[in-house]
Amino acid sequence: LNYVSSLSGDAKAAAITEIKRSRAYIKQWNPRPVPETLVTQTIGDSAIEDIVLYLDKAKGNAKKGAKIISTVGCVSCHNIKPGDLVKGPNLTNLGAMSKADLAESIIKPGATIAKSWVTLTTKDGAIRIGTIVSEDKKEITLHDIAGNPTKIEVANIKTREPGMNMMSMHLCDNLSLQDFADLVEYIQSMDKTRKKK
């Protein structure tokens, strides 16, 4: 920099021309071009590790997340308000879940299955898949993905296993990292027992 600054006239002009020709970005003589539109990184273009790092630093906006949750289709299979009909696993009690675990559950839904989402096989061979909404020593109430309840006697259950994954892996691919942070913040904010950090 000092060398070019010390030049004058044609020598300085030639040096600046060479800087530009070789695409050397030096603020005074050849500043780095700023793209007209910055490309927004999306969830689909990001590694899960990068998403988790972003979530650790970003501040999510629950109000924006409340709008986003409807656009990605969560509401078709999950309840999003206390008192809503339970279909798939309940999203209103995830305030204590870490952002990293919640992100993985959304992006790689088969990796972690909610404990309430089960496959029950009865002694007569019938198979029921759904969310356990209540359970005691005698009876389990299970809601299928449409929210239809079935009561099953515990004594009649042959096997109980995690439910099979029915959630698409690509629901959030088109969301920006900030949109995803807003979604995660909204999901956690639905849990009224959540302790804010």
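How much space lies in the largest pocket? About 740 Å³. A pocket is an open set of points on a 1 Å grid over the protein atoms alone, where a 1.4 Å probe fits, with protein on both sides within 12 Å along at least five of seven lines. Its volume is the space filled by probe spheres set on the points, which are joined across faces, edges and corners.

This is a predicted model, in which local features need pLDDT of at least 70 and side-chain atom pairs count only at pLDDT 80 or more, while totals for chains, interfaces and linings use all residues. Residues are numbered from 1 along each chain as its sequence is written, and side-chain values use heavy atoms, without hydrogens and water.

Select His 78, Pro 89, Leu 91, Ala 114 and Met 167: of the 32 residues lining the largest pocket (an atom within 4 Å of a point), these lie nearest its centre.

Next, select helix H5, residues 99-107. Helices are DSSP runs of H or I, at least four residues, numbered from the N terminus. H5 gives the most to the pocket lining, three residues. Leu 102, Ala 103, Ser 105, Ile 106 and Ile 107 of H5 are buried, meaning under 20% relative accessible area with a 1.4 Å probe, protein chains only. Show helix H3 (48-57) and helix H6 (177-189), which are included in what covers them by contact (heavy atoms within 4.5 Å).

Last, select Cys 74 and Cys 172. Cys 74 is buried at 12% relative accessibility, and Cys 172 at 4%.

Technical notes: Buried means under 20% relative accessible area, exposed over 50%, partly exposed in between (1.4 Å probe, protein chains only). Helices (H or I, at least four residues) and strands (E, at least two) are DSSP runs, numbered from the N terminus.
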